[in-house]
Amino acid sequence: MDICSFALLTQAPNITSLQQELTSLLQHEWLPHINQRDYHAGSQGGWDVLALRCAEEYRVAHPILQAFSISAATDWDNLPSLESSPVLLQFIQSLACSVKSVRLMRLHAGAEIKPHRDQGLSLEQGEARLHLPIQTHAQLHFYVDDKRVPMQAGELWYINADQTHWVANKGVEARINLVIDCEVNSWLKELIHDAKIKA
């Protein structure tokens, strides 16, 4: 069986509304990504995160714990930042699979996420990572298994995070993606199988 590195799943129906909600969420406290070993900061900052949904056990814990995405937890809860963002919440609820963590991840201009793997996050291993760029540009380079993912704003992509991947923001504006970790089911498998753009 061929291993899928990435696939375009669908187009968000309301990217303009999502971008408007993002403006409000930018006023929240974003935290530097805990994995500082795997990125270089740019002239305008590094890589930071706003948790929107977390393992239930961390719902009232420190935001750093809420931003953890890889967990054996079986129960996950929306955080107030997601509950107060109706368009974003509706999009998450439209996914016909079990959703685990949901985060907004910002890569500032000039910053780079070094080549790395998130082991176990792949279609073949039962857990998938989805990316929805909300704010991006042509100078954002996202590679999985040495193949560039042609992400555009408003597109929902599956990426095989178990394969080596890296990101470089060579533009002058930050890139912000909605990053969703979820359990693989038949709905998601069919979307990936039927994707018109995949590698």
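These are my notebook entries on what I looked up in the predicted model shown above.

**Ground rules**

I number residues from 1 along each chain as its sequence is written, and I leave hydrogens and water out of side-chain values, which use heavy atoms. Because the model is predicted, local features need pLDDT of at least 70 and side-chain atom pairs count only at pLDDT 80 or more, while totals for chains, interfaces and linings use all residues.

**Entry: the whole chain**

I began with the secondary structure and found five helices and 13 strands. Helices (H or I, at least four residues) and strands (E, at least two) are DSSP runs, numbered from the N terminus. I then looked up the radius of gyration, which is taken over C-alpha atoms. The radius of gyration is 16 Å, close to the 16 Å that the globule rule gives for 199 residues, so the chain is as compact as a globular protein of that length. The globule rule is 2.2 Å times the number of residues to the power 0.38.

Along the principal axes, the C-alpha atoms fill a box of roughly 45 × 35 × 35 Å. I noted that 53% of the 199 residues count as buried; buried means under 20% relative accessible area, exposed over 50%, and partly exposed in between, with a 1.4 Å probe and protein chains only. For contacts I used heavy atoms within 4.5 Å. Among contacts between residues at least 6 apart in sequence, 78% join residues at least 24 apart.

**Entry: the five-stranded open sheet**

I traced an open sheet with the strand order β3-β7-β12-β9-β10 and antiparallel pairing. Two strands pair if DSSP finds at least two bridges between them. Which strands stand at the edges? They are β3 (39-40) and β10 (147-148), each with a single partner strand, so one side of each is left without a neighbour in the sheet. Within this sheet I checked β7 (residues 112-116) against β12 (residues 165-169): three bridges join them, and they run antiparallel. Ile-113 stands opposite Val-167 in β12.

**Entry: strand β4 and its partners**

How many of the nine residues of β4 (residues 47-55) are buried? I found nine of the nine buried, so β4 is largely enclosed by the rest of the structure. β2 (residues 31-32) pairs with β4 over two bridges, and Pro-32 has Asp-48 as its bridge partner. β5 is joined to β4 by three bridges, with Trp-76 in β5 as the bridge partner of Ala-55.

**Entry: strand β13 and its partners**

I followed β6 (residues 99-107) onward to β13, where seven bridges join the two in the antiparallel sense. Val-102 stands opposite Ile-180 in β13. β8 (residues 127-135) also runs antiparallel to β13, with eight bridges, and Arg-129 stands opposite Asp-181. Eight of the nine residues of β13 (residues 175-183) are buried, so this strand is largely enclosed by the rest of the structure.

**Entry: helices α1 and α4**

I looked up how α1 (residues 15-25) and α4 (residues 86-93) meet: their axes come within 8 Å and cross at roughly 120°. Axes are lines fitted to C-alpha atoms, for helices over the stretch in contact, and angles run from 0 to 180 degrees between N-to-C directions. α1 and α4 are therefore oblique to each other. The cut-offs are under 35 degrees for roughly parallel, over 145 for roughly antiparallel, 65 to 115 for roughly perpendicular, and oblique for the rest.

On the α1 side I noted Ser-17, Leu-18, Glu-21 and Leu-25, which meet Pro-86, Val-87 and Leu-88 in α4. The residues of this contact divide into five nonpolar, one polar and one charged. Ala, Val, Leu, Ile, Met, Phe, Trp, Tyr, Cys and Pro count as nonpolar, Asp, Glu, Lys and Arg as charged, and the others, Gly among them, as polar.

**Entry: two loop residues**

Is Ala-67 buried or exposed? Ala-67 is buried, with a relative accessible area of 13%, and sits in the loop between α2 (63-66) and β5 (76-78). Not counting residues up to four places away in sequence, Ala-67 touches Val-49, Ala-51 and Arg-103.

I found His-108 in the loop between β6 and β7. His-108 counts as buried at 15% relative accessibility. Leaving aside neighbours within four places in sequence, the contacts of His-108 include Gln-44, Asp-48 and Asn-169.
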